[in-house]
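Please read them with the structure open.

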Amino acid sequence: MEDIQKFTFSVYTENNIGILNRLSAIFLKRHINIESMTVSKSEIEDVHRFTFVVNITKSQADKLIGQLEKQIEVIKAYSHTEDEIIYQETALFKISSKHLYDEDIQSRLKFRRANIVAITPNYFVIEATGLKDEIDNMHDKLKPYGLLQFVRSGRIAISRSKMAISELLHEFN
Amino acid sequence: MSTETQTVKKTTTSKKVNISGAEAVIKCLLEEGVDLIYGYPGGAIMPVYDELYKYQDQLQHVLTRHEQGATHSAQGYARVTGKVGVAIATSGPGATNLVTGIADAQIDSTPMVCITGQVAKHLLGSDAFQETDIIGISMPVTKWNYQITKASEIPEIMAKAFYIARSGRPGPVLIDITKNAQFDKFDFDYKKCTSVRSYKATPEVKEYALNAAAEIINNAKKPMIVFGQGVILGKAEAEFKAFIEKAGIPSAWTILGLSALPTDHPLNVGMVGMHGNYGPNKLTNECDALIAIGMRFDDRVTGDLNTYAKQAKIVHFEIDPAEVDKNVKTDVAVLGDVKETLAKILPKIDKNSYPDWMEEFKEHMTIEFNKVIKNDLHPEKDGLTMAEVIKEINEASKGNAIIVSDVGQHQMIACRYAKFNQSKSNVTSGGLGTMGFALPAAIGAKMGQPDREVVAIIGDGSYQMTIQELGTIYQTKVPVKIVVLNNEFLGMVRQWQQLFFDKRYASTEMVNPDFVTIAKGYHMEAERVSKRENLATAVQKMMDSKDAYFLEVCVEKEDNVFPMIPSGASVSDIRLS
Ligand SMILES: Cc1ncc(C[n+]2csc(CCOP(=O)(O)OP(=O)(O)O)c2C)c(N)n1
């Protein structure tokens, strides 16, 4: 049996309505759970970039690339293992203001790349950016204070090696 | 979204005229060379129908009796002509009725453009009368789909639809047009689409792949070819024949590859797959090189993948990169249109022949003949077999007919025994196995190839799924020949029940109406045959008829189709009884 590992897919698409459905259906059809997903503009005008994180085998990942690229609106799809990318996630923690001056909470914030981004009489909001484990860790540390709200983003990732997407588009124009 | 404008390259230009969206739809069809469409009207598509009335001398619309019929007719037309079939329907139930045919076209790579009406843009998402999200519903079963909400989008999207449907690995495209977009006027201007930025229709042919493939082929001692519909879709019959003749390699076909190579070609060694021939299935696990050409290793072909051709080097000629290594891991993948790749590999191939290896196919054929074919074609029992009927049709047609088959035992028998001299002659629902396919598909096939004889072979179960299309035949006078092989069972399911479910015939026995009377009710000449001595004359009479004709043949109730690879078993475990 092949090992299951974490793959991050970067999918460059035309900016058209409905493309998210088409892409997610590819995972759905193969019964693959999407761990996280982010959509944004890319470095190229009118081209969007989807980042999917999934736990699958290498050969599943290769087949998925084929199926993703087969979609008419997909310009190019890449899959990366963990060591091939630089990635980040962001989380927001909303905590009651009564803990704002707790010594221990202050010290916990220090050792992570975390910032207080809002303070009101009732609550304050901490933002943290980092790897998944770092956010998980932060979450565990802050949980004892009673999280009023907690939200985290999907992964955003940049490949270590070059992705020849711009050249590809250049060729077309 | 306005990005469409930037993503499509344009070529030819025509002059601008101010017309409605509905009229633009017709003009786009005419620009794409369409002169025949199938469909069914309704509220949300009425502006287009109104224009059809105006353009009826240029564009024939065939009113089918169900939207599913419209898709299958469009498929039948596409399959025998190689052109894009067009089906049109209203929103809601009209659109959902298209879905089965679209799914069928998707899995069998049939070029088709479906046009559906949709509620007006301001009503979208409001659960308006006859609103369904046909874009969402059809997304997984289309090659591409798009909802048009502005009249001015029509030419560009229609051009793109036709380009996508027919290029690369063909497939169905659905265009949903809101009612306001059909009414609104705009300056019409048509440019054919020749490329789409994000879509590479045909992969580039790689020289190293050709060389690596040629090396495997030239060094093989027992090579075998399995070819599929890619040869037909790529219009590569001549290149294919030149290739196999030079290489001297025994060639077997999938059911969709059938007719790409004449039946009596000396290198034609029969059909692979669940009900394929004994030799090519068995020898799949003995060849040392398996050369797959325009086929996709469907599970009905491979059986258990863990025991499929493990000893062989695998070379895969394929247009769709997503098919490579999907089911069977290849040693060499030759990506590209087979018309191009086969032509390019030809000079790299040594002239060769494998008489001993061919002899093995012949020996297996003899075994199959004695155990199966003899009883199918020359039965000793009284009851008629399905194969005898096909044999009579072969004799009457001399292998020149287009055979359209439905789904079930009769389909497997038709594919096993029908003889073909020319390509694009076998029309059947392969990947989806859609009962009800044949009658409407035969209408489309006959309209696409009016000079050829079109014979539909249909089971009593399948026939009743789209039997209402007899009405379409009556109205259009399209002279198709319909043969219903009546075993009073959903035979294929009954066969499985017999073999794998202890003969528990749960809901497979059919109490049927008088099919001859029904055909006559549709003013069609009709006859029923149940005796062997009358079969040949009845078939001849049908073939001689200038009009549509219905022939019911009462066949043995509980005959089985063999050989058979039980589902999930190895191709080596093919059973002869
Ligand atoms: C729409 C649809 N429903 C169900 C099936 C499952 N199925 C496959 S073959 C078959 C029996 C077909 O019976 P018939 O048309 O009488 O042909 P026969 O096998 O008797 O030749 C059935 C029910 C199917 N393929 N398509």
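How many residues does the contact take from chain A and from chain B?

1. The model is a predicted one. In it, the contact takes 20 residues from chain A and 23 residues from chain B. About 2000 Å² is buried between chain A and chain B, and 53% of this area lies on carbon and sulfur atoms.

2. A salt bridge joins the side chains of K70(A) and D320(B), with an N to O distance of 2.7 Å.

3. Two or more residues each are given to the side of chain A that touches chain B by α1 (19–29), α2, β4 (74–80) and α5 (165–172) of chain A. The largest share, 4 residues, comes from α2(A). By class, this side of chain A has 7 nonpolar, 7 polar and 6 charged residues.

4. Q67(A) deserves a separate comment. Q67(A) is located in helix α2 of chain A, which spans residues 58–70. Because its relative accessibility is 12%, under the 20% cut-off, Q67(A) counts as buried.

5. Leaving aside residues up to four places away in sequence, Q67(A) touches I26(A) and R30(A), as well as A322(B) and K326(B). With R30(A), the side chain of Q67(A) makes a side-chain polar contact at 3.4 Å. By C-alpha atoms, Q67(A) and I126(A) are separated by 40 Å, and they lie 59 residues apart along the chain.

How values were computed. Residues are numbered from 1 along each chain as its sequence is written. Chains are lettered from A and ligands numbered from 1 in the order in which they are written. This is a predicted model: local features need pLDDT of at least 70, side-chain atom pairs count only at pLDDT 80 or more; totals for chains, interfaces and linings use all residues. Side-chain values use heavy atoms; hydrogens and water are left out. Buried means under 20% relative accessible area, exposed over 50%, partly exposed in between (1.4 Å probe, protein chains only). Contact means heavy atoms within 4.5 Å. A polar contact is a pair of N or O atoms within 3.5 Å; within protein, one must be able to donate a hydrogen and the other to accept it, and residues adjacent in sequence count only if both atoms are side-chain atoms. Buried area is the accessible area (1.4 Å probe) that two parts lose on being put together, summed over both. A salt bridge is a side-chain nitrogen of Lys or Arg within 4 Å of a carboxyl oxygen of Asp or Glu. Ala, Val, Leu, Ile, Met, Phe, Trp, Tyr, Cys and Pro count as nonpolar, Asp, Glu, Lys and Arg as charged, and the others, Gly among them, as polar.
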